[in-house]
Amino acid sequence: KNLLTIAIVACSVAIFSSCSSNDDGCHECHIALENADGSETMWHIESPSGEEEFCGDELENAESSSYIYTVTDTLYCEQMGCILPPGEYGPGSANSQYEIHCEEHGDH
């Protein structure tokens, strides 16, 4: 019984610590364009600091209604054949139909 109890407690601690370590306030973000059929075309973007995830003020800015993301090199989407040329995208830009979405990773 004691060994089983110890194993259950150890597994519980491992599960809770892995979930809490993923919820660090940082999220991946992408540029999204809604298609006529309701699906989205997405292009992954890097944070201004060059990281894969946006954290702190960078994340807060990316989620704001005035955010502009500047694409300096052509981006390729997850689907085949769609590109996003260099330019400014996001709700605060002239290309406001392109939204910025940031993913929630800590929600298990």
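**Exercise 1.** Find the handedness of the disulfide of C77 and C82.

Step 1. Check the pair: the sulfurs of C77 and C82 are 1.4 Å apart, and a disulfide is a pair of cysteine sulfur atoms within 2.5 Å. Step 2. Take the torsion about the S-S bond: it is about 80 degrees, so the disulfide of C77 and C82 is right-handed. Step 3. Check burial: both C77 and C82 are buried (under 20% relative accessible area, with exposed over 50% and partly exposed in between; 1.4 Å probe, protein chains only).

This is a predicted model, in which local features need pLDDT of at least 70 and side-chain atom pairs count only at pLDDT 80 or more, while totals for chains, interfaces and linings use all residues. Residues are numbered from 1 along each chain as its sequence is written, and side-chain values use heavy atoms, with hydrogens and water left out.

**Exercise 2.** Characterise the link of C26 and C55.

Step 1. The S to S distance is 1.8 Å. Step 2. The link is right-handed, with 120 degrees about the S-S bond. Step 3. C26 sits in strand β1 and C55 in strand β3 (residues 53–55), so the pair ties together parts 29 residues apart in sequence. Strands are DSSP runs (E, at least two residues), numbered from the N terminus. Step 4. C26 is buried at 10% relative accessibility; C55 is partly exposed at 30%.

**Exercise 3.** State how the disulfides of the chain are paired.

Step 1. The count is three disulfides. Step 2. C29 joins C102, S to S 2.1 Å. Step 3. Counting bonded cysteines along the chain gives the pattern 1-3, 2-6, 4-5.

How values were computed. Helices (H or I, at least four residues) and strands (E, at least two) are DSSP runs, numbered from the N terminus.
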